[in-house]
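Here is a short note for a colleague opening this entry. Please read the points with the model in view.

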Amino acid sequence: MLSVNKILEKGDFDKQAILVLLNSTGNERQLLFEKAKETKAKYVGRKVYLRGLIEYSNYCAKNCLYCGIRAGNSRYVRYQMTDEEVLEAAEFAWKNRYASIVIQSGERTGETFAATIENLLHKITAKTGGALHVTLSLGEQSEETYLRWYAAGAHRYLLRIEVSNPLLYQKLHPVDKFHDYQARMEALKCLKRIGFQVGTGVMIGLPFQTMADLADDLLFFREFDIDMAGMGPYIEHEHTPLFQYSRELLPLRDRFDLALKMVAILRIMMKDINIAATTAMQTIDGQGREKALLVGANVIMPNLTPVKYRQDYLLYENKPCIDEEAEECKSCLEARIHMAGDEIAYGEWGDSKHFKNRTTE
Ligand code: SAH
Ligand code: SF4
């Protein structure tokens, strides 16, 4: 079996090599992290791009078995932010030179939803003179809807594949035509065809998931040639069907450690993409996002959702910062990022370098 040292030296990451890296411990694990840190510094710089996260609505038509805001969970008060609230959050981001926001929500389709988002995009452009870049994370939509949103000014889209193994996907979703692996894949391809910078990702430490699945996830990202990645540990939620398997899960610490390794390996495999240090990582470890920055992540998404809605957007339990206003989050975050030795790229859009490289070739 190849040693971690040899694998990093050769830089040839096939499934076998990735498995060795995912299983590394002690000094070998440290070597992996050092290499990822160097790679980040060399290819994307020690800069962190901020995306203000707006959790627009928790209405969701879907029933993913792992998610707290699934349609079947009647415990949350369902909300949708008003246009004014979204514009206020967008203005906060713009004035604080975040340069970019992400609008995320439960999945809904139909003309009313498509038109509302389209309209909002126009309003955001008008309010900020087009200075604020908008990323959408609104699930699977028709090509027509994606085209409309693209034309209205959204140029990045986040849609996680969740798991790249179709059989595992089926175990984590209801088996019906609304939760179809192929449809997910088609949506990702469609986004790419239209010209979006495409971000995808997976959850780590799910029930039934193996190390081989995680290695395949990384290979899938390379094969699909993604521009951005957002990966985080799976965190169980009591009021979801998947909760019944909680006893079979890896301890949270191990899930966190695996997530760090996934970030580090992906940074070395895909040197110029954007990788998010996700909130789920911070949920397990108070310094989780900073630790992710040290092993290759370069994007952080501070939460700009009005505090009154946050307790109703709990995809998983123990989500952090649900009682902190955006202003408090901002100063806390700055200090943390400096501690990690990175610098916040204020006022920079921070487009995926990979996207630029692949579209100008
Ligand atoms: N509805 C949209 C966006 C909101 S969900 C969508 O599904 O794409 C955003 C992400 O939250 C999902 O992609 C999923 O990866 C993550 N998520 C949901 N439940 C989770 C859980 N229990 N633990 C960790 N991440 C979770
Ligand atoms: Fe809805 Fe997204 Fe949660 Fe699935 S993961 S239930 S689509 S919010």
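Which residues have the most contacts inside the largest nonpolar core?

1. The model is predicted. Its largest nonpolar core has 114 residues. Leu136, Tyr146, Trp149 and Phe221 have the most contacts inside this core. Helix H10, residues 252-269, gives the most to the core, with 11 residues. There is also a second, separate core of seven residues. Leu53, Val102, Ala276 and Met301 are among them.

2. Which residues meet where H2 and H10 pack? From H2 come Ile18, Leu21 and Leu22. From H10 come Leu258, Lys261, Met262, Ile265 and Met269. By class, this contact has seven nonpolar residues, no polar ones and one charged residue.

3. Is Gln104 buried or exposed? Gln104 lies in strand E3, residues 100-105. Its relative accessible area is 17%. Buried means under 20%, so Gln104 is buried. Leaving aside neighbours within four places in sequence, Gln104 is in contact with Leu53, Ile54, Glu55, Tyr56, Ser57, Ser137, Leu138, Tyr313 and Leu315.

4. One distance to check: Gln104 and Lys62 are 42 residues apart in sequence. In space they are 15 Å apart, C-alpha to C-alpha.

Definitions and conventions:
Residues are numbered from 1 along each chain as its sequence is written. Chains are lettered from A and ligands numbered from 1 in the order in which they are written. This is a predicted model: local features need pLDDT of at least 70, side-chain atom pairs count only at pLDDT 80 or more; totals for chains, interfaces and linings use all residues. Side-chain values use heavy atoms; hydrogens and water are left out. A nonpolar core is a set of buried Ala, Val, Leu, Ile, Met, Phe, Trp, Tyr and Cys residues joined through side-chain atoms within 4.5 Å. Buried means under 20% relative accessible area, exposed over 50%, partly exposed in between (1.4 Å probe, protein chains only). Helices (H or I, at least four residues) and strands (E, at least two) are DSSP runs, numbered from the N terminus. Contact means heavy atoms within 4.5 Å. Ala, Val, Leu, Ile, Met, Phe, Trp, Tyr, Cys and Pro count as nonpolar, Asp, Glu, Lys and Arg as charged, and the others, Gly among them, as polar.
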